[in-house]
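Thanks, everyone, for making the time. I would like to walk through one model with you this morning, going from the whole chain down to single residues, and I will give the cut-offs as the terms come up.

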Amino acid sequence: MPAENAKLDISTFLLSSIHDMKNSLGVMAAYLEQALAETGEVTTAQQAAARDKTAQALYEAQRVNNHLIQLLALYKIDQSFYPFDPQDRPLADLAREVLARALPLADSKGVTLDCDCPEDLYGWFDHELVLGVLVQALHNALHYSRHRVLLSAAALDTGVIFSIEDDGPGFPDFLLDQGNAAQRGINFETGSTGLGLYFADIVARLHQAGDATGCIRLSNDSRLGGGCFTLELP
Amino acid sequence: MNLRALPPPDLSRSQILIIEDFEGMRAILRDILTRAGASRITLALNAANAINQLERQRFDIILCDLHLGQGKNGQDILEEARHRALLLPHAVWLMVSSEKASEMVTGTIESRPDDYLIKPITETMLFSRLSRQIEKKQALAPIEIALREHEYLKALRLADAALDKANPHAWDLKRLKAELAMHSGEHGMAKAIYEEALSLRNLPWARLGLAKIHFNEGRYDDARRELKAITDGNRAYLEAHDWLARTLDRLGDPDGAQEVLQRALATSPRAPLRQLHLGEVAVKRGELETAALAFQNSIELARNTPLKSPQAYLALSQVQLARKQTDAALNTLSTLSIDLRGDPAARLLAEAMQIPIRLQTGELDLARELAQRLAGELRAEAQQLPPEAVFNLAGPLLTLGDKTTAGALLGCLISNNHEHPEYLERAETIFAEAGFGSEGRDLVQGAARAATDIMNRGVKLSREGKLKEAIELTREARRTMPNNARLLLNHAFLLIAWMERHGREFTLNDEARRCIERARKLKPGDKRAGELLTRLELIGNDFEVPA
C-alpha cells in the first residue's frame, strides 16, 4: 500500500541512518588510527605523503563522525528526550579522555598538544556533551594550527573554564561574528562550522546553576598567537 | 604538559567478564584490557551465556554492552546478577553503550551500574574509568557488605566516615547516603541531601528523591509538583514518569496516569512493570483493548526474567473474560501455568481462575467440578493468593454455593488488610450481590474487628509492661494474618523492645527482621519499617567505624 508507506515518518529513516553512519565512521576512524600507529619511521617522501593522506582521512572521518554525534544529541535535546545528567567530576579525567581522542591526529600532523589542567579541579557537567564540544574544538584547532595547541582548564569564581588555543592564523572575522551571534542566541547559517558552534552553544546553555548559564566564546586572544575557543560552565 | 598520564590499572589478578554480542567490539575491549596485564578474561556472547558465567564464578570487573540484540539487555543482566547476589561487593560493573540513553540517568542503588562508557571506547577512557571505579568500589566495599546484610544504619555511618575525608566521589556518596537514609526511615536526612543538591543545580535525581519522600508521607500534591517539574521539560527521565503515574493514581486521576505512562512507554517500551501499570490504569478507565495489549506486552517482556509474576497473566485473563473472549482467557491461564511452572501458587491460580470463565460459558459442571476439587487447596493457600484473584474468585464460588471457601478467602484477605476500607467495601459488595448481604457484612466487619482488637490488646499489654504476653499474642496472630503489615511491624516492635531490655537473641532478631522485611514488601516506603530496622541494628551495637 503506497499510501501507507508514504505516511511512514522519514525522520525514522534519517535517525537510523545517522546511527548507522556514525558507527561505521567510528570503526573507520579506529582503523585509520591503527594504520597511522603502525606506519612507524617515515624514511621516504612517498611514505610521508601516504602518512599525510591517512592523517587527512582520519581528520575527515572524525570530523563527520563528531558532526553525526552532535546531530543525534541535538535532535534529542530538541525533542526533549536527551537524558541530561550533570555530575560533579574531576576535570582532569575529562581532559585525559579529550586528549586521547585528539592525540593520534596531533601526532600524525606533527603538532604538539599540551594540556594544563589541575588534578584536583572539579566541575558539574554532562560528560558526553562536554566531551563532544571539546573534542570538536580540539580537532578544529589541530587542523588550523602550525606547531602547538593548548587545552587548559581553570577555576573561575562562578564555575570552571576550558580554553583551547592554537598558533594558527586565528578565526576569520565572519566566524568571530557567528560565535558572538551564537552567544546572543541569534539563528545563524548552519554550515559545517555552524553546526559545531551551534552544538557548543546549546551544550553550554544546558548547564545552569541558579541564575548562571554556561557560554562559549571565540576570540583571537590566544597565548599562542592564533585562535582561542573557551567554554565556561557555572 | 602538566597533566600526567594515569598509570594503567593493574589487572593482572582480576577476573574479568566481557559481555558483548559484537565480535569486533569484544576484540577491542580484550586487547585494551590485555595491555593492562589482564589475563583472566572470560567472554560472553549473549545474556544466557553471561548469566551462566556469573553463576559459575565471581568476577572483579564486568564490561557489559547495554544492547545485546534480541532478548535480555545489559540492564536486565545487571539486575538479575544483583538480585541473585552473583556479584562480589567490590565488583565493578561498567555498562557500554553506543549512545547516552535514558536508562542512565535515574535508577536506584540496586539498578545502577558503576559507570557508563559511551562508544567509541579508547584505552585512556577505559583505563581512567576503571581506575576510578576500582578505587571507589574498594573504598565502598564495607558499605556494600553492610547493605547486603540489611545493616542500613551501619552503612550510613560508613558513608559519613568516608564523606569526612576529601573524596573524589563526594556526590556519589551523598546520593548513596540519601538512599540509605530512606531505607532507615531517616527521611529528614535524605531530604537535607536532596535539598543541598538542588541548591547547587537542578538535578533530576535529587528532585525525584524529594518527590519520593512526599509520596511516602502521603503528600501527593507536593509529589506531583516535584515530579512534573522533572517530566514537563524532558521525557528522558523515565523513573520520574513512573512515580508521577503512581502519584496521579493516588490522586484519583487515571486519565493523567495513563497519559504519563504512555509517554514513558513511547520513549522506552521494554519495561514490563510499566506495561503492567498501564494495563491496570487502562482497566480503571474501561479501555479494555489498551489494557489487554499492555498486559500482553508485560508478559512477553517479563518472561525469562526475575520480574515475571502471575499478576499480568491474571489481569489479562480477567480483561479477556470481560471482553467475552473466553477461549483467549483460558489460553492465558494455561500460559501462566507453563511460564511459572515452578510456582505452586501460580499453578493453583491458573486452575482456579478457570472457574469464573467456565461459569460465563455456561459450563456449569466443569465449574463445579473445579471448585470442588480445588476448595481445600484454595483454603490452605488463602494467604498466598493475590487480592485481585480473591475478589474475582469469591463471587463465582458463592454462585456455586461454596460459601465456606468464599468466606475463608475473603476473611483471610480482610484480616491481612483490616485498615483498607476499599477492600472491606468490595468484599461486602460481593456477598451482597450473591444475596448474602448481612452474613457477608458480619464476616467482613468481624474479621476487621478481630484484627483491630489484637492490635489494641498488644499495645495495651506492652504499655502495662507485659512484653512477653504481648509477644505471645502477636506471634499467635501472625499465624492467621501473616500478611498484615501493621501486625508484622507491631510484632517486630515488641521483639525489639524485649531485646533492648534483655539483650540480642539470635532467633528473636531473625524473627523481627523477617517481619520487617515482609512488611516492607507489603507496604514499600513505610517509614516505620526503616525506623524499626535501625533500632534492631542498634541493639547491643555501637558501630566502630574506623576513622
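Chain B holds 26 helices and five strands, where helices (H or I, at least four residues) and strands (E, at least two) are DSSP runs numbered from the N terminus. Its radius of gyration, taken over C-alpha atoms, is 26 Å, close to the 24 Å of the globule rule for 547 residues, so chain B is as compact as a globular protein of that length; the rule itself is 2.2 Å times the number of residues to the power 0.38. Along the principal axes, the C-alpha atoms of chain B fill a box of roughly 90 × 60 × 45 Å.

Before I go on, a word on provenance: this is a predicted model, in which local features need pLDDT of at least 70 and side-chain atom pairs count only at pLDDT 80 or more, while totals for chains, interfaces and linings use all residues. Residues are numbered from 1 along each chain as its sequence is written, and chains are lettered from A and ligands numbered from 1 in the order in which they are written.

Of the 547 residues in chain B, 48% are buried, meaning that 20 or more other C-beta atoms, placed from the backbone, lie within 10 Å of the residue's own. Among contacts in chain B with a separation of 6 or more, 58% join residues 24 or more positions apart, a contact being a pair of residues whose C-beta atoms, placed from the backbone, lie within 7 Å.

Leaving aside neighbours within four places in sequence, the contacts of Leu409(B) include Leu378(B), Ala382(B) and Leu385(B).

Leu138(A) also turns up among the residues touched by Leu151(A), which include Ala95(A), Cys115(A) and Ile164(A) as well, when residues up to four places away in sequence are not counted. Leu151(A) belongs to strand S4 of chain A, residues 148-156, and is buried, with 23 other C-beta atoms within 10 Å.

How do the two chains meet, and how many residues of chain B are in contact with chain A? There are 31 of them, in contact with 29 residues of chain A. On the side of chain B that touches chain A, helix H4 (123-148) and helix H6 (170-183) of chain B are the elements giving two or more residues, and H4(B) gives the most, with four.

Last, a strand pair in chain A. Strand S8 of chain A, residues 215-219, has a covered face of Ile216(A) and Leu218(A), and an uncovered one of Cys215(A), Arg217(A) and Ser219(A). S8(A) pairs with strand S9 of chain A, residues 228-233, in the antiparallel sense over five bridges, where pairing requires that DSSP finds at least two bridges between the strands. Within that pair, Cys215(A) stands opposite Glu232(A) in S9(A).

Key
A residue is buried if 20 or more other C-beta atoms lie within 10 Å of its own, exposed if 12 or fewer, and partly exposed in between; C-beta atoms are placed from the backbone.
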